[in-house]
Number of protein chains: 4
Amino acid sequence: MSRTMKAVVKTRPEPGAEWREVPVPIPRPDWVLVRVRATSVCGTDVHIFGWNRWAESRIGRDRLPQILGHEVAGEVVETGAQCSRISVGDYISAETHIYHPGDLQAMLGQRHIGERMKIVGVDHDGCFAEYFAVPESVCWVNDPAIPPELATVQEPMGNACYALLGEDCDVTGKTVAIFGDGPTALFATGIARAAGLTSIFVIGASPYALEIARRMGADHTLSISDTTVDRVQFVRDHTGGYGADIVLDMVGAPQAIKEGLEIIRKGGRFSAFGVSGSASVPIDYNNGIVFKGIQIHGISGRRIFDTWYRVRNLLASGRVDIRPIVTHLLPLDRFAEGFDIAMGNPRQCGKVVLFPDAAELSDARRRMGMV
Amino acid sequence: MSRTMKAVVKTRPEPGAEWREVPVPIPRPDWVLVRVRATSVCGTDVHIFGWNRWAESRIGRDRLPQILGHEVAGEVVETGAQCSRISVGDYISAETHIYHPGDLQAMLGQRHIGERMKIVGVDHDGCFAEYFAVPESVCWVNDPAIPPELATVQEPMGNACYALLGEDCDVTGKTVAIFGDGPTALFATGIARAAGLTSIFVIGASPYALEIARRMGADHTLSISDTTVDRVQFVRDHTGGYGADIVLDMVGAPQAIKEGLEIIRKGGRFSAFGVSGSASVPIDYNNGIVFKGIQIHGISGRRIFDTWYRVRNLLASGRVDIRPIVTHLLPLDRFAEGFDIAMGNPRQCGKVVLFPDAAELSDARRRMGMV
Amino acid sequence: MSRTMKAVVKTRPEPGAEWREVPVPIPRPDWVLVRVRATSVCGTDVHIFGWNRWAESRIGRDRLPQILGHEVAGEVVETGAQCSRISVGDYISAETHIYHPGDLQAMLGQRHIGERMKIVGVDHDGCFAEYFAVPESVCWVNDPAIPPELATVQEPMGNACYALLGEDCDVTGKTVAIFGDGPTALFATGIARAAGLTSIFVIGASPYALEIARRMGADHTLSISDTTVDRVQFVRDHTGGYGADIVLDMVGAPQAIKEGLEIIRKGGRFSAFGVSGSASVPIDYNNGIVFKGIQIHGISGRRIFDTWYRVRNLLASGRVDIRPIVTHLLPLDRFAEGFDIAMGNPRQCGKVVLFPDAAELSDARRRMGMV
Amino acid sequence: MSRTMKAVVKTRPEPGAEWREVPVPIPRPDWVLVRVRATSVCGTDVHIFGWNRWAESRIGRDRLPQILGHEVAGEVVETGAQCSRISVGDYISAETHIYHPGDLQAMLGQRHIGERMKIVGVDHDGCFAEYFAVPESVCWVNDPAIPPELATVQEPMGNACYALLGEDCDVTGKTVAIFGDGPTALFATGIARAAGLTSIFVIGASPYALEIARRMGADHTLSISDTTVDRVQFVRDHTGGYGADIVLDMVGAPQAIKEGLEIIRKGGRFSAFGVSGSASVPIDYNNGIVFKGIQIHGISGRRIFDTWYRVRNLLASGRVDIRPIVTHLLPLDRFAEGFDIAMGNPRQCGKVVLFPDAAELSDARRRMGMV
């Protein structure tokens, strides 16, 4: 194996990234080295690529250069000396929240929110590269029935799964309103359909994305630019006057949160997944939370490996077909084009998947009927 | 309104029932009178019709004559003076477990298993008649999108819903093995498919019923007469070697319970819904329950009205299409034929629905494409 | 029985109330008439007595005159014709949220937050009187081991129970921080101690009330007027650096909510019970809820009758001794003095209990060792 | 450090064990070496010491010689090269179920029941020795407030905690019947008292142990040798006629299971922890499980590390004082005497704690007031 590789590297504290030749990482004793078959663009990557205030404060310029990316499907090509669970040749994806086993949360079964947790592609080098190294502890062996272009998005699909199921997993035969039309909201729509949610409302901005939402099973899509519709009233009218049993905030904007707390029925469950642009969101504590008797579940990452198990099963069984969401397949060296697509406004994409290897890309295109 | 009506009456403590002219019931102040549009045959009715040992001890000969039946869809034609929630003209079905509000269980949210609970068609007159009276407290207003031939089976579909969801409702993305091929098992299969269970195994005896199971979404049907298949091994082979996350016993036979405890994975959930023919079932307590760390949930009736809400939503939204299960539509006066069909061995039916009114029957047949 | 009685009546839309001779209420067919043995002052009564903006908008001047009060223990002296569960002579208290059985929430087991729910003493006459009428459906038969001066406060103790247990009831061996020092916070402290919470922090303003908190089992009381203590740091220092597993907001003030979201550990549960004085509370949505992966449970009223069952058991068994909280016993005609005590600032009381009958009062005083 | 140590070694497939000089174990890279400060005798050790059929089949003669024991408190004196969480000098106890991180159960948060799990003292050398080696992954850092003679029994106290809390942790204000009077049942009694269970029934055989149960907080102790008491009726009489909300089987005998299923109220929860002497237990499936609508939770081991967290908190806070249960302190070389005590019939002990070091023993005796 060559000891250098090509990778998408954040080199300077400013927008952009470089396609560089860098050393292939050497896995630590309890890490594995993975040949990347497919990787995909997440909003976090967009923030780092664009080097916004969050990136500056969370990553910091001192850590650069650093390789971007954290969603992946690949093949293990080397294992550290202490590895026992994962073998060379395994077809894997990876949980990107590298939990610390000594965190109280990790000890209590909440590995995804430990205090000392590290994140792939944020706290160290990521997977927008030909190879990447990752702790064995977060590897997930993929079902061979799931091709790389779909396996790579299991991580954000796990976010969607967790947000939809919440902490109680009580969704079947209930109604849901999903705020947002990014890929995670679209995955949530597909899972909601597969999980027997019986009225699925998706509230979004992009006609392109809302069309995908309909293909994923949304019963009603509502555009925030359509001022003729009173969305709160619309949802009530379609839920016997009560409002939605479950609301997913996948936007984080104060207006979405406010509307979500109006759309949810008394006694419902609200999944707080969106990240707000402001440090403080005004909330109607009395009428929105207390008197309404709702539950709010903060959703950060995804239950490890609970969501991986479910997502794997949903994909491998064909219960959810996410192909309408995987809209763009590109070679990894055209990452800049991928970021342009992902940052488009209005959104003209679902998920953008990148391939270091041309043959993998062409296989994927064929499977997706994109040739 | 005429003050007499035709009804299927158990008159003597022996097999059979009579088609008789009887008085239309007069509802008590907190009861309503319902014109029966459709009613359906349950295993309990079969036991009473056949007057087996259970019927003799549970009902007793002193209570006869008594009208059979408890699954129903109809129109309210009269309300008692104290009724407030239900109005004349409402299109309803009814929970058949008439809970006593003072039972501790009812006070704690477990209305379906109260100590003083009464059962329609068992503890008093049922609905195999042109009219029947029922407490307002157990009425459920139907969605108009659900026609009577389907609305009448919401009650057993509620059993199936409760058995599948158990007390935790955690099913999405998991695997399930269903023992049984009676109508409730078939409903459970359909709900399992709608709820995102990703490997659905149905173990039954009747080729006819297993074919319905496949139409309802079973991934694998296993016949107990096929001695070439090791069912425990088969399920393990299709669940990564672990066994099913969830097992539903809808048979009650010792062999099914034994096999279910072998098929369930460690840490799984077993819904005990089947009724055993014997007073005592031998169970491998250590290896089947303790060391395996499973949960067993006793399922009696269905959560009131939680399951009604879900079943209504699943049917009205079209998420579950139960028409393959509703195999026989007959006029009520041909009830004896209905019982013959329901008691057939091997089973050659799903659910048998009966209609007091010829016009309702012919509408239903048309809707079901049976003309 | 005399057909008139003395009662505390809100007669005019202004502060105050009158001690008036009024007709004894005649119970409706499904209501019962109760001879009041003890009643107690709640914050809601204080709002109505003072006729603040909430009272003006929630009750409205058109409904006056109206009798105050909703916490009660008494003896049933008459039952309506339709009553079956409660009998004359029963020693009862009453759930004050009169649920409507047709509300979706009530049908799904969330009776306390139905859309059409009515509240005793708010939506109709209350129990600051010699007699009061209440629906049989909300009556709770008291354990005879619980004397009236304690039985009357089971209703707010139920709030405390619900707030502490939340929707998951998972508290044993965990840590809790309680914001507030009103009676409900003090009840929560006592229940927390009885339920095996292992570090109990109470944050309050009144030295008098914090002393009661200590007697109820608080491990640490923190005064908000003590500016030398960093409360967030203090709680972290006493919880291994993580923060409290559970936080109860029983204040509603933005500062308490903010501090609560800082004090709670990642993955903890926050019970939102306090009512905010402002329509909008600024909340750090990202760092307080989403990234922290917490749950917020809106607590309105109490689970009916789940909390009554638990509170009854806790009191009757002696597991919780609430006598330190019941600080003032007065004859009912000295209600104005009771309100003065309850409205004192800084708080110099726990719970104020009122007695229409002098003999009951003197018995209670003797039992409480107040003579 | 000397490279040999004294240990209690099972050398031959027959009753008994030897006090031998053996090499100090050398920890693997991800293991630690612990100086044993206190260790305690569990029923499993008794089975191995007595070399019954279970021991013969589970361990097998080929693995001998093997050191006994798995309950421990000690000080880490050496860490393998790959250890990061635990340091030399840490005062620890250890989870004895060494989970395999790749088991599905472990990945889903059920580490205690993984397929490939190993058990300390069963699958490899245990801690009845001056030193023992254990994987870092199962170490639990003790609270320094808990002395070794109590810290060593946290492991079985975790069993008791898990059995009492079950999978739902909903216990406060409820009633419980505990079958058994061994140490785990006694721990469960103490935790039940601390957790706010309001009627605690303990059903046992040994007057000595039942006296400890009373000291731990049992409200009612019932001796199985007292034939004048109908225990089912007794519990119903003390629970409003309903039966206990929760039943713990800590015996495993068919009679206890049968009685437990009679004593539990409809809709209650039954923790199956006892291990039956027979391969098959006759169970009244219909009336005991299905119609009663109960839940049975199989309890094997304890949730890792959820129960450790709770037990640590309960002990360190003083909420549970387990000193009445820790009845015997002995030097480790008098292990044979310890086994005699533990195997006494009728039981004349609670927990037997052993000390490799005389000074530790004498300190412990002083703390326990046994000098």
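This is a predicted model: local features need pLDDT of at least 70, side-chain atom pairs count only at pLDDT 80 or more; totals for chains, interfaces and linings use all residues.
In which sense do strand 11 and strand 12 of chain C pair, and over how many bridges? I would like to start there, and the answer is that strand 11, residues 175–179, and strand 12, residues 199–204, pair in the parallel sense over five bridges, where two strands are said to pair if DSSP finds at least two bridges between them. Within that pairing, C:Val176 has C:Ile200 of strand 12 as its bridge partner.

Residues are numbered from 1 along each chain as its sequence is written, chains are lettered from A and ligands numbered from 1 in the order in which they are written, and side-chain values use heavy atoms, with hydrogens and water left out. Helices (H or I, at least four residues) and strands (E, at least two) are DSSP runs, numbered from the N terminus.

Twelve strands form an open sheet with mixed pairing, in the order 13(A)-12(A)-11(A)-14(A)-15(A)-17(A)-17(C)-15(C)-14(C)-11(C)-12(C)-13(C). From one strand to the next, the twist averages 15°. Where the two chains meet in this sheet, strand 17 of chain A, residues 295–298, runs antiparallel to strand 17 of chain C and is joined to it by three bridges, with A:Gln295 standing opposite C:His297.

Helix 7 of chain C, residues 207–216, lies across strands 12 and 13 of that chain and runs at about 170° to strand 13; axes here are lines fitted to C-alpha atoms, for helices over the stretch in contact, and angles run from 0 to 180 degrees between N-to-C directions.

Now to the interface of chain C with chain A, where 45 residues of chain C are in contact (heavy atoms within 4.5 Å) with 45 residues of chain A. The buried area, meaning the accessible area (1.4 Å probe) that two parts lose on being put together, summed over both, is about 3500 Å², and carbon and sulfur atoms give 54% of that. C:Tyr242, C:Lys266 and C:Tyr285 supply 20% of what chain C buries here, more than any other three residues. Strand 15 of chain C gives the largest share of the side that touches chain A, namely five residues.

Finally, what does chain C share with chain B? Here 15 residues of chain C are in contact with 15 residues of chain B, and the area buried is about 1300 Å², of which carbon and sulfur atoms give 69%. Between these two chains the count of salt bridges is again zero. Helix 3, strand 10 (139–141) and helix 11 (306–316) of chain C each supply at least two residues of the side that touches chain B, and helix 3 gives the most, with three residues.

Note on methods. A salt bridge is a side-chain nitrogen of Lys or Arg within 4 Å of a carboxyl oxygen of Asp or Glu.
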